[in-house]
Amino acid sequence: MPALIYRPEYAGYDFGPEHPFTPARLGMLLDLIHCLGHPTSPIAPPAATREEILSIHDEAFVAMVEALDRGEARPDAEQFGLGTPDNPIFPGMDLAARWLVGGTLHGARLLMAGAETRVLQLGGGLHHAQKDRAAGFCMYNDLAVAIQAFVAHGWRVAYLDIDLHHADGVQNLFYGNDRVLTISLHETGHYLYPGTGHIQELGTGSARGLSVNVPLEPFTEAESYLEAFEAVIPRTLAEFSPHVLVVQAGADAHFADPLGDLALTTQTFQALYRRILALADAHTQGRALFTLGGGYEAQVVARVWTILYLTLMDLPIPEKLPQAWLDRWRHLLGPEVGQTLHDPIPAYPELPGRAERDRRNQDVVARLLDSLVRYWL
């Protein structure tokens with residue numbers, strides 16, 4: 001049975017009631033899992049230490065987070081990505097972020113010790129955080145800290161990111177490291193934050209060809225998304241031969257998410273999770289560490305991540321949402337929430353321009369593969 005990692009202190013990573021990255025998402029998720037009849041007994045990890053944070057982040061940045069946490073007025077905070085609309089300052093933010101990093105790092109350690117094969121960290125996925133600054137709702141980069149621990153252990157790490165947004169922080173932190181393969185499928189940066197993740201971003205030095213980006217057109221639907229996934233990911237993993245797969249499982253590529261324009265459904269996510277697990281079985285002896293990530297429509301993230309949990313635990317996917325859960329979270333779910341765990345079929349009205357979108361995605365994939373093949377020879 002895969003290991004589940006969570007502790008209530010994760011809720012302390014809270015930018016305020018109006019911020020989209022709300023900890024209520026985790027409360028809804030855990031409650032839905034329980035209401036479906038699956039009581040959880042998650043592992044409660046320790047918080048990451050300051051030294052563990054410094055394995056990735058600059059001393060000056062960490063010191064700034066700590067100073068602001070103490071209530072010090074620092075006019076240069078925005079230079080470190082702090083005190084912005086994306087990353088507001090809040091009391092306890094240093095420890096709150098270290099709890100999340102600690103969870104992902106603990107999952108990595110369970111895999112390295114051979115105690116577990118699959119781990120689901122019910123938090124984290126802070127893929128935008130940079131070496132010297134916070135960015136995009138992300139303060140400390142838990143994924144990078146865990147990946148660095150794997151590398152120090154002597155493992156080659158394949159990082160796979162299915163969040164709507166490009167995994168710029170993780171990519172940048174390992175852009176020249178030939179022990180780390182980073183793969184990101186995302187809505188193209190021509191239209192969406194952070195504006196990066198183009199196919200020509202391939203890595204540097206001996207890591208050239210190990211940064212792999214699949215930027216997809218707005219309103220890309222399941223068939224085109226899965227076609228791009230199958231064209232790129234299996235072969236890339238086969239060429240790299242990783243010891244472990246780290247997956248950022250953001251849910252914001254769903255068609256109803258308010259911050260982007262990809263058009264996946266809950267059924268697409270389930271297919272992705274099953275395929276990723278099969279790829280882990282094929283290439284990493286099953287070793288995989290999953291985190292959460294983006295996702296900003298309340299009724300979507302709870303359902304998508306419940307499907308992730310059920311898939312990893314090899315549990316059946318029920319049809320109906322529990323009425324008690326619907327009643328308890330009605331204030332966040334809104335009046336249009338349905339009664340089923342999966343989206344209805346069809347899930348949304350037909351989107352015009354599908355043929356042209358699919359053609360553009362196919363062209364991007366073909367050009368990406370043309371670039372990569374020279375590094376695989």
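Trainee: Which loop holds Pro-346?
Mentor: The model is predicted: local features need pLDDT of at least 70, side-chain atom pairs count only at pLDDT 80 or more, and totals for chains, interfaces and linings use all residues. Residues are numbered from 1 along each chain as its sequence is written, and side-chain values use heavy atoms, without hydrogens and water. Helices (H or I, at least four residues) and strands (E, at least two) are DSSP runs numbered from the N terminus. Pro-346 is in the loop between helix 11 (330-333) and helix 12.

Trainee: What is omega for the peptide bond from Ile-345 to Pro-346?
Mentor: Most peptide bonds are trans. The bond from Ile-345 to Pro-346 is cis, with omega near 0°.

Trainee: Which residue does a cis peptide bond join to Tyr-193?
Mentor: For this bond omega is about 5°.

Trainee: Is Phe-137 buried or exposed?
Mentor: Phe-137 is in the loop between strand 2 (118-121) and helix 5 (142-152). Its phi is positive, about 75°, although Phe-137 is not a glycine. Buried means under 20% relative accessible area, exposed over 50% and partly exposed in between, with a 1.4 Å probe and protein chains only. At a relative accessible area of 11%, Phe-137 is buried.

Trainee: What is the relative accessibility of Asp-314?
Mentor: Asp-314 is in the loop between helix 9 (298-312) and helix 10 (323-328). Phi of Asp-314 is positive, near 55°, in a residue other than glycine. Asp-314 counts as exposed, with a relative accessibility of 70%.

Trainee: At which residue does helix 7 bend?
Mentor: Helix 7 covers residues 222-240. The bend at a residue is the angle between axes fitted to the seven residues ending there and the seven starting there. For helix 7 that angle is about 30°, with Pro-234 following within four residues, and the bend is at Glu-230.

Trainee: Which residue with a positive phi follows helix 7?
Mentor: The buried residues of helix 7 include Ser-224, Phe-229, Pro-234 and Phe-240. Among the elements covering the buried residues of this helix are strand 3 (157-161), strand 6 (244-248) and helix 8 (266-283). After helix 7, phi is near 55° at Ser-241.

Trainee: Are helix 4 and helix 5 roughly parallel or roughly antiparallel?
Mentor: Axes are lines fitted to C-alpha atoms over the stretch in contact (heavy atoms within 4.5 Å), and angles run from 0 to 180 degrees between N-to-C directions. Under 35 degrees counts as roughly parallel, over 145 as roughly antiparallel, 65 to 115 as roughly perpendicular and the rest as oblique. The axes of helix 4 (residues 93-112) and helix 5 come within 8 Å and cross at roughly 25°. The two helices are therefore roughly parallel.

Trainee: How far apart in space are Gln-171 and His-127, C-alpha to C-alpha?
Mentor: Gln-171 is in helix 6 (residues 168-173) and is buried, with a relative accessible area of 5%. Residues touching Gln-171 include Thr-182, Glu-201 and Asn-213, not counting those up to four places away in sequence. Gln-171 and His-127 are 44 residues apart in sequence, and their C-alpha separation is 8.7 Å.

Trainee: What separates the C-alpha atoms of Leu-372 and Leu-332?
Mentor: Leu-372 lies in helix 12 and is buried, at a relative accessible area of 0%. Leu-372 touches Leu-202, Gly-209, Val-212 and Thr-236, with residues up to four places away in sequence not counted. Leu-332 is 40 residues away along the chain, at a C-alpha separation of 44 Å.

Terms used
The expected span of a helix is 1.5 Å times one less than its number of residues.
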